Amino acid sequence: MSTTTEQHQDQDSRERDRREEPPTDDTLRHPWALVARRELATKLVDRTFLVGTLLTMAMIVAFVVVQAVLSDRVKDYDVAATPAAATVADAVAQRAPSLDDGVRVSVSPVTDDAAADAALRDDKADAWLTQRDGNWVLIGRDEVPSDLEAVTATVVRDTTLAQNASAAGTSVAAITSGSELKTDVLVGNAEQRNFAQGMAFALAFLFYLSSIIFGMTLAGSVVEEKQSRIVEIIATKIQVRQLLAGKVLGNTALAVGQMALYAALGLIGLSFTSFGGFLPSVSGALGWFLVFFLVGFLLIACLWAVAGALASRTEDLQSTSTPITMLLLAIFFGSAFLDGTAQTIVSYLPPASALLMPQRILEGTAQWWEPFVALAILLAAAAAVILAAERLYRRSLLQTSGRLSMRQAWATPE
Amino acid sequence: MGQIETRGLSRTFGDVRAVDGVDLVVRPGGLTGFVGGNGAGKTTTMRMVMGVLRPDAGEVLWNGRPMTAADRQRFGYMPEERGLYPKQKVADQLGYLAQLSGMPRAAARVAVAEHLERFSLSDRAGARVESLSLGNQQRVQIIAALLHEPTALVLDEPFSGLDPAAVDAMADVLRDRAAAGVPVLFSSHQLDLVERLCDSLVVLARGRVVAEGTVESLRAHGPARYRLATGGDVGWVRDVRGIHAHDVDGGTALLELVEPGAEQVVLREAVQRGPVHEFTRVIPPLSEIYREVTA
């Protein structure tokens, strides 16, 4: 009897001691933070990771530099003009170098409008200068180069003013009337829409790359713990749920951080190029993109963690992760090729919505409320996947003999 | 001081009953050996004690109340299959595990340095685990189990793969921990080692406890045997009542007592017949007890 009492006293005093330890470390109460910190720390000193990141940054800088060099180049434009427009067209050709040192204009004389149209469609001319209903019109095939437009506008205004002044007895208003230049394109694509689409593609590519790279890293670190059996020790220390949460959050932080770094670098670079003017119009869409990426990656990271847990050795990972790589590929191609109603529907479908909804915002086809609805659906799906992943992860983590199917893992008793 | 206890612990895999109603007690201040053949259920039992596997039935107690995850966090555990992060540095990894066991970061760092020193691994603190020799990896594994001053130790085959010097070092560590009042449960195939080290013993066969107690009591409960060596032939012992003659060879015989007191009859008879060189009680070795209870 006396020993039992002693034991209790002993235990009480030790518990008291433990309570008196100063709470120096938050991670004691949040083991997931400890796990996440290890994920970050091991990755941030990993040479492959650092070299890969630096290499990608170098590629982005190189791309921007090439763009800037291209935009500095002198551009030669052929402008088609019928005899009626020849005088003005010649004036454009003559004055172009003094108005914009990056622009040289030469005139291709054509006999009539039909010939001009044909020259433009056959790519023999870059633009067609003509007069319609008393207005000068500069027509491009699929776009009117902005620098050519600026040069031509100035020349047209000056020339028209001179002509109007020579016709005596008119007011200044009359002189300026009809001197405005309007542009038009034959095939309906404006430069800004091109830019938005290029941007959307770049983001889709980043999304795909980042999901694969960090997903593989996460799955690899899960299987490393299984293969090295250290998971059995960890499972006696903290809840498996905390381990999963720490790994998913650590890798999500890395992925989003890297993505933000690339995006920022790309944007700063773009602001030095001729696309700089479009940036303010896409900054809102980019913000949405980061929010959707964060939630979408959280969902996808859980899938990767399960893929890792279903494998017993690194070699198994190839096959257990195939469904996810297929899914990501489908999302990537979906974002590149879907449009219209199909694009609208898929932009609500998680996890594809993580990419397609921000794309629609970027392209300006989404109503203001649409991203909120899609985000709510994505969040709900992420929560459901996290719960299911936790069960699969917990049950397959200690099965170290061979590969598990999803169904086996679901039914395995703990 | 704490005490680990299991009551009616059972676990079935498919249609195999791996562990079947195991009751065992691991008392503080001593080493408890856990022996049994392959597939006897030792690892499954230890995994259930550590909460890695959920029992189908039965319970695990710590100081008489159901064991919690918080209790187990402070335990030291060495699973049957060893492993650490191969690419992480020794000190970083041990620090991480100590923190997972509930130590604050600063205290963990101090404990890592102390233990590396004690196991003469200080110079390898910054080395990746995969670059260490197998023996050193084993030492790191032991440190991982001891680092956070565990309140109990549960070690699955801690001696397997160790060279004789390392076996002695490991034995010292376990005795030291036990002397500090920590209950220690370890499994082993090496019966001589268990006999030498353990204060008490649990023998498992086909998922059940077939024998339990201190080494002395187990051996004493074995059959009472005597060895007789005389100058002449001892064939006559076969006719003595209350004695079963096991092994008679010329002047020596191994006798098993059936009726207490019969050994005195044998001795008197032997002295009358001629010189007696030897008459001793034979305490059977643990391995023999083990064979008997697991048969």
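Is A:Asp123 buried or exposed, and what is its relative accessible area?

Reply: Before the spot itself, here's how to read the model. Residues count from 1 along each chain as its sequence is written, while chains are lettered from A and ligands numbered from 1 in the order written. This is a predicted model, where local features need pLDDT of at least 70, side-chain atom pairs need 80 or more, and totals for chains, interfaces and linings use all residues, with side-chain values based on heavy atoms, leaving out hydrogens and water.

A:Asp123 is exposed, at 51% relative accessible area (exposed means over 50%, buried under 20% and partly exposed in between, with a 1.4 Å probe and protein chains only). You'll find A:Asp123 in the loop from helix H5 (113-121) to strand S3 (127-132) of chain A; helices (H or I, at least four residues) and strands (E, at least two) are DSSP runs numbered from the N terminus. The backbone is worth a look too: A:Asp123 isn't a glycine, yet its phi is positive, about 70 degrees.

Over in chain B, B:Asn63 also has a positive phi without being a glycine, this time about 55 degrees. B:Asn63 sits in a loop as well, between strands S4 (57-62) and S5 (65-66) of chain B, but at 17% relative accessibility B:Asn63 counts as buried.

Back in chain A, there are 17 helices and five strands, and 43% of the 414 residues are buried. Another loop, between helix H14 (340-346) and helix H15 (353-363) of chain A, holds A:Pro351. The peptide bond leading from A:Pro350 into A:Pro351 is cis, with omega near -5 degrees.

Helix H9 (residues 230-237) of chain A is mostly covered, with seven of its eight residues buried, A:Ile230 among them. A:Ile230 also takes us across to chain B, where B:Gln93 touches it along with B:Leu84, B:Tyr85, B:Gln88 and B:Val129, leaving aside residues up to four places away in sequence (contact means heavy atoms within 4.5 Å). B:Gln93 has 0% relative accessibility, so it counts as buried.

B:Gln93 belongs to helix H3 of chain B. The axes of H3(B), residues 90-100, and H4(B), residues 105-118, come within 9 Å and cross at roughly 130 degrees. The two helices are therefore oblique to each other. On the H3(B) side, the contact includes B:Val90 and B:Leu94, and on the H4(B) side B:Ala108 and B:Val112 are among the residues involved.

Methods
Axes are lines fitted to C-alpha atoms, for helices over the stretch in contact, and angles run from 0 to 180 degrees between N-to-C directions. Angles under 35 degrees count as roughly parallel, over 145 as roughly antiparallel, 65 to 115 as roughly perpendicular and the rest as oblique.
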